[in-house]
Amino acid sequence: MKITSYRTQVASPGKLLDPSVEPIAARGANFVTLEVQTDAGIEGIGYAGFVHPAILKALRETVNALADSIMGEDPNAVEAISAQLLDLGGHGAPAGMVTSAAAAIDLALWDIRGKAAGLPVFRLLGGSSNTVRAYASGYLWRNYSGDMLAAKGEELVASGFRAMKFRMGAEERPEAEVSRMRSLREAVGDGIDLMVDINQGWDVDRSIRVGRAMEECGLFWLEDPIHHQDYGGLAQIAAALDTPIATGEYHYGLAPFAHMLERGSVDIVMVDLLRVGGITHWMKAAHLAEAFNKPVVSHLAPEFLAHCVAASPNGLIVEHMPWALPLFKEEIRMVDGDIVLSESPGLGLSFDQDAIRRLQPEV
């Protein structure tokens with residue numbers, strides 16, 4: 001089997017959102033879609049994205065350039081192709097758009113491999129269960145008041161979620177941060193797992209001080225409290241708090257995960273699909289975390305990463321981020337707070353071409 005052609009398009013599901021309510025999603029839900037064809041008549045899909053609209057043109061050109069280089073290759077050779085693409089784009093030090101573009105291609109190759117084998121990707125990766133726990137993300141933002149958090153939290157529970165994440169870090173006073181936390185906890189009850197994401201907005205002292213004050217609320221994790229490269233500071237916070245520290249989404253490639261794990265900077269390893277380089281490298285990061293007896297969780301892209309978490313012995317939970325879901329014909333199936341994966345071969349997904357045409361970015 002050989003790769004014979006490909007097609008890329010751009011789409012902006014963020015257009016569907018109200019920027020006054022969901023400013024980050026409205027600005028960042030922009031994608032380059034990829035379809036890769038083979039001489040066996042099998043097509044695989046993937047995407048790169050979660051970028052500002054101004055970056056889409058350059059990202060698409062990067063995907064095109066890398067895809068041009070693999071025409072005639074065997075799509076089963078995911079390791080060799082991934083290494084080739086990352087070397088082509090970065091000469092041993094790839095990051096940014098190059099890694100994201102290579103990840104899109106890697107996704108499409110795994111989709112092809114699964115279809116050729118007649119297996120869903122999570123089974124091709126060695127998984128056995130088609131269900132994986134999920135938490136609601138992309139619904140509870142930093143600009144929400146306590147009342148808004150409470151109302152949306154109750155709505156998410158009613159829709160079936162048993163875990164959810166909200167953002168903190170915008171309040172000047174620690175007491176105000178804790179008050180927002182309590183509003184959500186009181187609204188959803190003690191039976192719902194709550195995660196808090198700071199997106200690198202605090203320093204070490206504030207992280208420890210506010211983190212300790214929030215421990216009474218029983219957080220599932222505290223995510224990215226300080227800069228992602230401050231391994232020593234993260235280790236200090238992790239040692240000071242009972243709440244587990246989740247981090248890793250900002251890192252490119254595998255090496256930073258080894259540094260974090262060796263320094264004791266992380267309790268729950270979060271791996272981003274596009275920054276790590278695709279499914280091939282996501283699974284390597286998961287196994288690295290397993291070697292340190294740490295759980296692994298996903299960042300964005302639940303439609304793809306549910307397969308990876310389901311296939312990982314240390315897979316903990318999937319981030320249900322809805323930003324890319326309008327691109328697909330299929331919907332994520334949720335039952336009692338779990339994602340139920342399709343048994344269709346490959347990724348079990350197909351692009352909604354009509355939706356992609358409607359979601360063209362503003363020029």
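At a relative accessibility of 58%, E216 counts as exposed (over 50%; buried is under 20% and partly exposed lies in between, for a 1.4 Å probe and protein chains only). The model is predicted, so local features require pLDDT of at least 70 and side-chain atom pairs pLDDT 80 or more, whereas totals for chains, interfaces and linings use all residues. Residues are numbered from 1 along each chain as its sequence is written, and side-chain values use heavy atoms, with hydrogens and water left out.

The partner of E216 is R182, and their side chains form a salt bridge with an N to O distance of 3.0 Å (a side-chain nitrogen of Lys or Arg within 4 Å of a carboxyl oxygen of Asp or Glu). R182 belongs to helix α7 (residues 174–188), while E216 sits in the loop between α8 (204–214) and β7 (221–223), so the bridge ties together parts 34 residues apart in sequence. Helices (H or I, at least four residues) and strands (E, at least two) are DSSP runs numbered from the N terminus. R182 is partly exposed, with a relative accessible area of 34%.

## Salt-bridge network

Salt bridges with shared partners connect K165, R167, D197, E223 and E319 into one network. Within this group, E319 bridges to K165, with the closest N and O atoms 3.1 Å apart. This pair links distant parts of the chain, with E319 in strand β11 (residues 315–320) and K165 in strand β5 (residues 163–167), 154 residues apart. Both partners are buried: the relative accessible area is 1% for E319, and the relative accessibility of K165 is 0%.

The structure holds 14 salt bridges. Another of them joins the side chains of D193 and R133, at 2.4 Å from N to O. D193 lies in strand β6 (residues 193–197) and R133 in strand β4 (residues 131–140), so this too is a link between distant parts of the chain, 60 residues apart. D193 is partly exposed, at 22% relative accessible area, and R133 is also partly exposed, at 28%.

## Helix packing

The axes of α7 and α8 are 10 Å apart, and the two helices pack at an angle of about 40 degrees (axes are lines fitted to C-alpha atoms over the stretch in contact; angles run from 0 to 180 degrees between N-to-C directions). P174, E177, V178 and M181 of α7 make the contact with R206, R209, V210, A213 and M214 of α8 (heavy atoms within 4.5 Å). This contact has 6 nonpolar, no polar and 3 charged residues (Ala, Val, Leu, Ile, Met, Phe, Trp, Tyr, Cys and Pro count as nonpolar, Asp, Glu, Lys and Arg as charged, the others, Gly among them, as polar).

Helix α10 (residues 255–263) and helix α12 (residues 279–291) have axes that come within 10 Å and cross at roughly 15 degrees. On the α10 side the contact residues are F257, A258 and L261, and on the α12 side A285, L288 and A289. By class they divide into 6 nonpolar, no polar and no charged.

## Surroundings of W323

W323 is located in the loop between β11 and β12 (333–335). Its relative accessibility is 10%, so W323 counts as buried. Leaving out residues up to four places away in sequence, W323 touches P13, I24, A25, G28, A29, F31, F50 and W141. From W323 to I279 the C-alpha to C-alpha distance is 19 Å, and the two residues are 44 residues apart in sequence.
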